[in-house]
Amino acid sequence: MVSEKDVAHIAGLADIGIEKEELAEFTGRFNEILDYFDILDQVEPGSRGETDLVNVFRDDVVEASLPEDEVLANTREKEDGFFRAPRVM
Amino acid sequence: MTETAGTTGQENRVMDFSDDEVIIGLEIHCQLDTLTKLFCGCSTDYRDDGPNTHVCPICLGLPGSLPRVNRKAIEYALRVAKALNCTIIEESEFARKNYFYPDLNKGFQITQYDRPLAVRGYLDIEGDDGEKRVRITRVHVEEDPGRLVHKGGADRAKYTLVDYNRAGIPLIEIVTEPDIRSPKEARKFLNKLRATLEYLGVFDSEKEGSLRVDANISIQPKGWFTREGKGKADRGRAEVKNISSYKGVEKALTFEVTRQKNALRRGQRLGTETRHFVETRGITTSSRSKEMEQDYRYFPEPDLRPLQVCSWAEEIVLPELPDARRARFLTQYGCSPIHARTLTGDLRVAEFYEHIATIDPVLAATWVADTLLGELNYRDMGVSRVSPESFRELIVLVKEGSVTDKGGVEVLRSLLDQIKESGSCETPGECVGRLGLRVLERTGETGADDDPVAKAAREVIAEQPQAVADFHAGKKEAFNFLVGQVMKKTRGRAKPADVNQVLSGILGKEG
Amino acid sequence: MPTLTFSPKDRYNAFITTLNEAGTGPGKLSGIGIAVKDNISTSGIPTTCASRILEGYIPPFDAHVVTLLKKAGAGIVGKTNMDEFGMGTTTENSAFGPTKNPADPSRVPGGSSGGSAAAIAAGMVRMALGTDTGGSIRCPAAFCGIVGHKPTYGRVSRYGLIAYANSLEQIGPMARTVSDISLLMEILTAYDPRDSTSINCPYAHTPDPDVHGLKIGVPEEYFGEGVDPRVASVVWEGISLLERKGAEIITCRMPSMAYALAAYYVTCTSEASSNLARFDGVRYGHPADTKLQWHESFQDRRRNGFGTEVKRRIMLGTFALSSGYYGKYYAKAQAARQQVRTDFLRLFRSVDVIAGPTMPTVAFRLGEKTDPLSMYLSDILTVPANLAGIPAISVPCGTSEGLPVGLQIMGPHFRDERVIDVAYAYELGVAR
Ligand SMILES: [Zn+2]
């Protein structure tokens with residue numbers, strides 16, 4: 001069982017905004033689903049299985065980068081070629 | 001340990017640090033010198049270009065884009081792993097490290113976690129007490145995040161500017177065991193590692209920001225790290241993050257040693273702490289970030305397939321590495337052990353030396369290891385700024401006696417100043433001529449009127465009657481003084497043997 | 001270049017974006033208008049994943065499959081509605097409102113490729129692309145009464161598919177007929193080195209309806225608890241038809257089915273929790289608020305940009321990967337996944353294909369399923385193919401309560417041709 005406090009903690013870890021009003025409902029659903037997941041407890045820890053496809057590489061050859069206007073086309077928060085993001089400090 | 005502070009016994013115990021040792025482990029990130037990024041075909045040659053000019057859907061993290069591993073990056077990493085005597089893991093894989101920061105284009109970093117490329121290696125270095133082995137825990141490959149810029153400084157900027165040109169540059173992360181025992185040793189380790197990476201042709205230390213170091217440092221009772229010492233209390237440690245220069249590492253760690261010793265002396269408990277190195281002030285500061293409690297939720301990168309590269313690694317033939325080259329310099333060129341170490345400590349220096357060693361290996365070694373490196377260091381220049389042909393010409397002039405050692409140094413200084421100023425310089429011959437440093441060739445018989453050395457000697461004798469008198473009175477030092485004056489008058493261009501001969505000739509006649 | 005005009009009455013809300021004109025060219029799909037699910041990148045055309053968080057995002061590149069469709073002469077006529085990021089079984093979880101089922105507009109079309117299925121079922125397009133992470137092509141195909149195929153994992157490039165759960169999902173064809181599915185497979189399987197998990201295995205095949213001597217495995221679990229008996233009996237009739245055409249029916253067991261659904265949901269939510277972290281509004285999408293501090297802005301965007309189900313899955317995945325729970329959830333799910341794969345490999349040593357219902361029920365009423373777990377449980381018959389990476393097709397096989405029922409046929413890795421043949425045999429058999 002996870003508590004509302006646990007769910008709030010997970011929301012913090014996921015950096016996702018959960019409204020206070022949503023928390024109880026979320027926690028209830030969460031527990032139903034986690035209860036169902038408990039069936040995995042019966043699974044023996046096993047190998048990761050066969051890996052058929054390995055060592056997929058590309059050669060170190062320069063390919064064209066995006067044209068500058070396309071790089072910044074999808075945001076209006078830009079300045080002197082930079083993207084503008086909220087401050088981190 | 002009792003917790004009751006303040007008793008005399010306790011204080012004595014706390015104050016006694018004679019038996020402590022500094023324990024340092026390093027985590028080094030180096031940019032691999034590939035043509036393209038780790039997961040896309042964007043060029044890595046971004047340093048002279050504007051922000052976000054070397055980006056594509058993949059390194060911008062546009063939805064729907066998929067990473068593709070650069071074969072060269074893996075090959076370079078394997079070279080490093082082999083050179084560091086690591087065991088290559090039979091099947092390794094990429095993993096996602098999840099955290100949210102604007103320099104991350106995808107909201108996670110592709111790195112390696114529980115199945116890294118290689119583990120358990122070592123690098124032998126010249127430690128504080130002679131040759132020593134520093135164990136390598138692991139070597140793995142990961143992508144560099146983007147670069148954040150704060151206009152007007154981190155404290156004042158209202159927002160963050162992001163440039164993803166650096167995002168996706170291949171990095172190799174090398175983690176050492178806590179085997180390093182002093183800041184100086186850490187520096188030596190880094191120098192040796194840098195040399196090794198450059199010999200391998202996978203790294204260019206001259207590129208700005210190509211190396212970053214996180215250092216774990218603590219001060220523990222001696223033997224704490226040995227099996228017997230395991231029971232003793234851990235005094236806590238600091239992880240100093242993101243030191244971006246070689247000198248910075250030694251500075252930051254030296255600061256930490258002092259800081260931690262002082263704290264322990266005051267009886268403080270240090271705990272585990274993340275600190276940042278403030279390069280401009282040479283100090284470390286505690287970072288308030290929650291980094292210690294971060295939960296990165298690693299899991300295997302589902303868009304990439306595992307690596308099985310053991311047999312590939314076996315096929316890779318390594319070039320000559322610093323230790324082998326040092327040994328060869330000893331035998332092939334007869335270098336002194338110290339010169340051999342200095343000359344091979346940097347790939348560019350070693351190659352520079354080999355370029356000119358043919359003239360006279362020992363003379364060349366002295367000139368490169370002692371003179372050139374010192375003058376370069378003084379000017380904060382790299383050896384790659386100097387043309388080996390030009391330097392070779394200078395050594396030839398010195399060797400054939402056209403310029404004295406002292407004159408040669410003067411020429412070298414002038415040439416380096418010119419390079420530093422304008423990027424180019426005149427030839428050593430021109431410089432010797434311009435500065436009038438060509439050795440004064442004696443003409444005719446000793447004392448002949450047109451012999452410049454004799455002329456200088458006569459002038460000195462005329463100007464220094466007291467010294468001449470002293471000489472005649474039997475004072476040996478007076479002769480040395482007069483020789484010095486002649487040398488000074490000829491601005492070092494006269495050969496000391498000539499001056500000796502001429503001076504004693506004239507003084508003898510007078511006597 | 002001939003141009004297609006496309007201005008449908010979208011009564012079922014099948015499309016998020018329609019293009020009135022689409023260029024076409026010569027090729028195997030010449031002149032055919034094709035709808036593309038809105039999680040597949042289309043250069044110059046908004047691609048939303050039915051999410052507010054991608055509002056205004058216009059990809060600067062085409063997904064590999066879109067390039068291939070264009071090269072084959074098809075015209076892209078629109079982007080279809082879906083559950084946000086593919087997270088749903090009904091196409092109700094869309095920021096653009098639910099799609100309705102043309103077979104009965106009071107019902108859901110299934111999901112998450114519900115828009116693509118509805119567009120075909122309503123006759124608006126002949127074919128469409130869907131994506132299938134845990135049944136998202138086959139479920140709506142079954143509910144709407146069309147054909148949908150999930151290719152073998154790695155057979156079709158995912159380049160340009162906005163990831164929900166990378167290790168499970170594939171882009172695949174949806175159409176009215178098996179022949180059209182086969183035709184699309186020829187186009188979609190052209191190799192693309194940009195997807196490192198894909199394999200160069202082109203599909204060049206003409207469906208062959210001969211099922212003489214074909215061994216069809218029928219797992220008991222596919223007719224077990226939770227499967228509507230009426231649906232079960234319709235599907236059994238379908239399988240019997242194949243038997244009459246000369247196939248041999250062999251009942252079998254798949255014990256790993258007990259863990260499959262949990263393994264699936266742990267895996268897909270884990271991957272999703274990481275995939276969906278890139279929508280920070282810095283480079284594209286609804287812009288980040290630069291007046292806020294980074295984490296405030298990030299949380300704000302996610303709170304307003306994602307629907308409830310997406311948030312739930314991000315949370316579940318975050319939890320499953322978090323320190324202390326990784327071993328209990330993510331690692332165990334991978335072990336269970338391996339068991340599912342092993343079960344299939346074992347079965348395919350003695351049977352050629354495996355058949356059963358696609359969905360345990362017919363289409364739900366709109367708004368009928370409110371609790372997430374019971375919604376998840378309806379994926380029980382489709383997720384095993386995704387966990388194992390095997391090909392699986394859903395072909396219409398009659399009705400129950402007047403609503404379409406799908407017959408699911410699964411085959412060994414890279415034997416997409418075989419499951420398409422069997423579906424074709426069924427389709428022809430019904431037609432005769
Ligand atoms: Zn790129």
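Tutor: Let's start with one bridge: Arg147(B) has Asp163(B) as its bridge partner in E9(B). This is a predicted model, so to speak: local features need pLDDT of at least 70, side-chain atom pairs count only at pLDDT 80 or more, and totals for chains, interfaces and linings use all residues. Residues are numbered from 1 along each chain as its sequence is written, chains are lettered from A and ligands numbered from 1 in the order in which they are written, and side-chain values use heavy atoms, with hydrogens and water left out.

Back to the strands (DSSP runs of E, at least two residues, numbered from the N terminus; helices are runs of H or I, at least four). E8(B) and E9(B), the latter covering residues 159-163, run antiparallel and are joined by 3 bridges; pairing takes at least two DSSP bridges between two strands.

The contact (heavy atoms within 4.5 Å) takes 34 residues from chain B and 40 residues from chain C. Together these chains bury about 2900 Å², 60% of it on carbon and sulfur atoms; that is accessible area, with a 1.4 Å probe, lost on putting the two parts together and summed over both. There is 1 salt bridge between chain B and chain C, using a cut-off of 4 Å from a Lys or Arg side-chain nitrogen to an Asp or Glu carboxyl oxygen. Arg158(C) and Asp303(B) meet in a salt bridge at 2.9 Å, N to O. On the chain B side, E4 (95-98), E9 and E15 (299-300) each supply at least two residues. That side divides into 20 nonpolar, 6 polar and 8 charged residues, where nonpolar is Ala, Val, Leu, Ile, Met, Phe, Trp, Tyr, Cys and Pro, charged is Asp, Glu, Lys and Arg, and polar is the others, Gly among them.

As for chain B itself, it has 16 helices and 15 strands. Its radius of gyration is 30 Å, well over the 24 Å that the globule rule gives for 511 residues, so chain B is more spread out than a compact globule; the radius is taken over C-alpha atoms, and the rule is 2.2 Å times the number of residues to the power 0.38.
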